[in-house]
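Please open the model in your viewer and keep the sequence beside it. The tour below moves from one selection to the next and says what is to be found at each stop.

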Amino acid sequence: MPEAAANIGVVGLAVMGSNLARNLASREGNTVAVYNRSRTKTDELIAEHPEAGFVPAFSYEEFASSLSVPRTAVIMVKAGGPTDAVIDELVRVFEPGDIIVDGGNALFTDTIRREKAVRDTGINFVGMGVSGGEEGALLGPSLMPGGSDESWVTLGPILRSIAAVAEGEPCVTHVGHDGAGHFVKMVHNGIEYADMQLIAEAYDLIRRGTGKSPAEIADVFAEWNRGELESYLIEITAEVLRQVDAATGTPLVDVILDQAGAKGTGAWTVQTALDLGVPVSGIAEATFARSLSSHPEQRIVSGVLPGPAEALVVADADAFVEDVRLALFASKIVAYSQGFDEIRAGAAQYGWSIDLGAISKIWRGGCIIRAQFLNRIADSYAQTPDLAVLMTAPYFVEALGRAQGAWRRIVSTAADAGIPSPAFSSSLAYYDGLRAKRLPAALIQGQRDFFGAHTYKRIDKPGTFHTLWSGDRTEIEAEDTH
Ligand code: NBP
């Protein structure tokens, strides 16, 4: 094996790593070193893709010596302990100035911890979100690298060359320092959970309300994909609904067990939002809806709990479908708005300078939530970079104004018919919460002060107050505790 023959390396050659390595190798000027813990995967990759000109390594020492300096390696192994194990090995064989990129689905706080630990060695550590699944890794993913400015100088040109391209622009940007990239990838996945749940609720309502078959609903989604809802998820939904099960001849969707899996990034998004105090109710409901679906031992009560006697039958199917479309669009705006709010709050908390418009642009290609309306988000941040609530941008205000009547009809129809629509209804509740001039939070403050002397503020004068509520006192007393 020639010494220092490769300009970039990949560690971890399962589906994501091998595809990313092939993507890198297909770009002009790249020679890619590859290493996997167990030798078989390396041997298979080399045998199956001679055109890639990979430089195989069978030890970390060999991997390091096959890379030109500064060395750059992308780790694509199972997140958690395996990532730490690989980082330890690379730190052992790399030198100051080299770059280690973790492209796995790491929790951003792990990335912050790892970056801090590796920094002391003089090696650059970059946590990078990678979206688009195996096909994206091969043909062009959306990439969300964090890490230092110094590492971006080296990584930028390489990552731009392998990323997806949307409207002539590569879907990669330097998101911010240390864990910023993985934070943004986490929120991307949270939005993905919400988007998928909303689409599933739309399908369920149309099916139960109109009696259309999955294939007919596939046509509806295909039609929607030609308008403002155009997106990868709507497109693949049509394909999933059209699929017929070869064994039974029935729509495949009807033979798939209705228990949704999850790998945890939705839960991370919600847990982090709770810590930051950011309401991401649409994402939370989508995550909980998967939990509810996957508890068969609880769902056995379905025949026990009473519900409406009549099944839903809508009088005008076309009008109902159009209402569902508008409800879906409005709820989707809420999901993205909540996600962007979380990124803004995370950036403030962790000291990252994140360009929200740039994030919306790099999500336009390669990733699962790619959608036409990300352009409208980019436009909104271009017009008002410090937009406090995304959906108050003029485009979204107009769209929500157009949709809100239908949205309300759909949520109330679903409730009347006993059809669960947690993401539709929580999105609407969030929307109305933001609209409300006055919230019943005032009563909650009163309750808190009553049982815990937690104090409250008044609308008519500054200060913090506590009322002596009980005992033999009949009057309400407020005292300024300042
Ligand atoms: P997996 O997540 O299934 O991980 C398998 C790889 O990890 C193999 O190469 C395995 O080596 C290696 N590995 C393990 Br397990 N423990 C190791 C250790 N202690 N030391 C060294 N290597 C170890 O692979 P994947 O599905 O290709 O995903 C790779 C990463 O990309 C993950 O973090 C994943 O979350 C992330 N990701 C996945 C997707 C997707 O759509 N699948 C999208 C975006 C990001 P072995 O062959 O020796 O067992």
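What is the order of the seven strands in the open sheet? The order is E3-E2-E1-E4-E5-E6-E7, and the pairing is mixed. Before you select anything, note that this is a predicted model, in which local features need pLDDT of at least 70 and side-chain atom pairs count only at pLDDT 80 or more, while totals for chains, interfaces and linings use all residues. Residues are numbered from 1 along each chain as its sequence is written, and side-chain values use heavy atoms, with hydrogens and water left out. Helices (H or I, at least four residues) and strands (E, at least two) are DSSP runs, numbered from the N terminus.

Begin with strand E3 (55-56) and strand E7 (142-145), which are the edge strands, each pairing on one side only; two strands are said to pair if DSSP finds at least two bridges between them. Strands of a sheet pair through backbone hydrogen bonds, either parallel or antiparallel. Next to select is strand E6 (residues 124-131), which pairs with E7 in the antiparallel sense over four bridges, and here serine 131 has serine 142 in E7 as its bridge partner. Helix H4 (residues 81-93) packs on the sheet, where it touches strand E1 (8-11), strand E4 (72-75), strand E5 (99-102) and E6, and its direction makes about 165° with that of E4. For that angle, axes are lines fitted to C-alpha atoms, for helices over the stretch in contact (heavy atoms within 4.5 Å), and angles run from 0 to 180 degrees between N-to-C directions.

Now select E4 itself. E1 and E4 pair in the parallel sense over three bridges, with isoleucine 75 in E4 as the bridge partner of valine 11. E4 and E5 also run parallel, joined by four bridges, and valine 74 stands opposite valine 101 in E5. In a regular strand the side chains alternate between the two faces of the sheet. In E4, Thr72 and Val74 point one way and Ala73 and Ile75 the other way, and all are buried, where buried means under 20% relative accessible area, exposed over 50%, and partly exposed in between (1.4 Å probe, protein chains only).

**A loop residue**

Move to histidine 49, which is placed in the loop between helix H2 (39-48) and E3. Is histidine 49 buried or exposed? Histidine 49 counts as buried because its relative accessibility is 15%. Leaving aside its neighbours within four places in sequence, histidine 49 is in contact with Arg22 and Phe54.

Select helix H12 (residues 265-276), whose 12 residues reach 16 Å from the first C-alpha to the last, close to the 16 Å expected at 1.5 Å a residue; the expected span is 1.5 Å times one less than the number of residues. Thr265, Gly266, Thr269, Val270, Thr272 and Ala273 are buried in H12. They cover an arc of only 165° around the axis, which puts them on the same side of H12, the arc being that of the directions from the helix axis to the C-beta atoms. On the other side of H12, Leu274 and Asp275 are exposed.

The cover over the buried residues of H12 includes helix H5 (108-119), helix H8 (180-210), helix H13 (281-293) and helix H15 (317-350). Threonine 265, with a relative accessible area of 10%, touches Met186, Asn189 and Tyr193, not counting residues up to four places away in sequence. Just after H12, glycine 277 takes a positive phi of about 75°.

From there, select H13, whose buried residues include Gly282, Ile283 and Ala284. The buried residues of H13 pack against H8, H12, helix H14 (296-299), H15 and H19.

**Aromatic rings**

For the last stop, show the rings of Phe, Tyr and Trp (its six-membered ring), which pair if their centres lie within 6.5 Å; planes under 30 degrees apart count as stacked, over 60 as edge-to-face and the rest as tilted. By this rule the count comes to 17 aromatic pairs. The rings of tryptophan 407 and tyrosine 431 have centres 5.1 Å apart and planes at 50°, so this pair is tilted. Tryptophan 407 lies in helix H18 (residues 394-417) and tyrosine 431 in helix H19 (residues 422-435), so the pair ties together parts that are 24 residues apart in sequence. Both tryptophan 407 and tyrosine 431 are buried. Finally, select Phe329, Tyr336, Phe373, Tyr395 and Phe396, which ring pairs link into a cluster.
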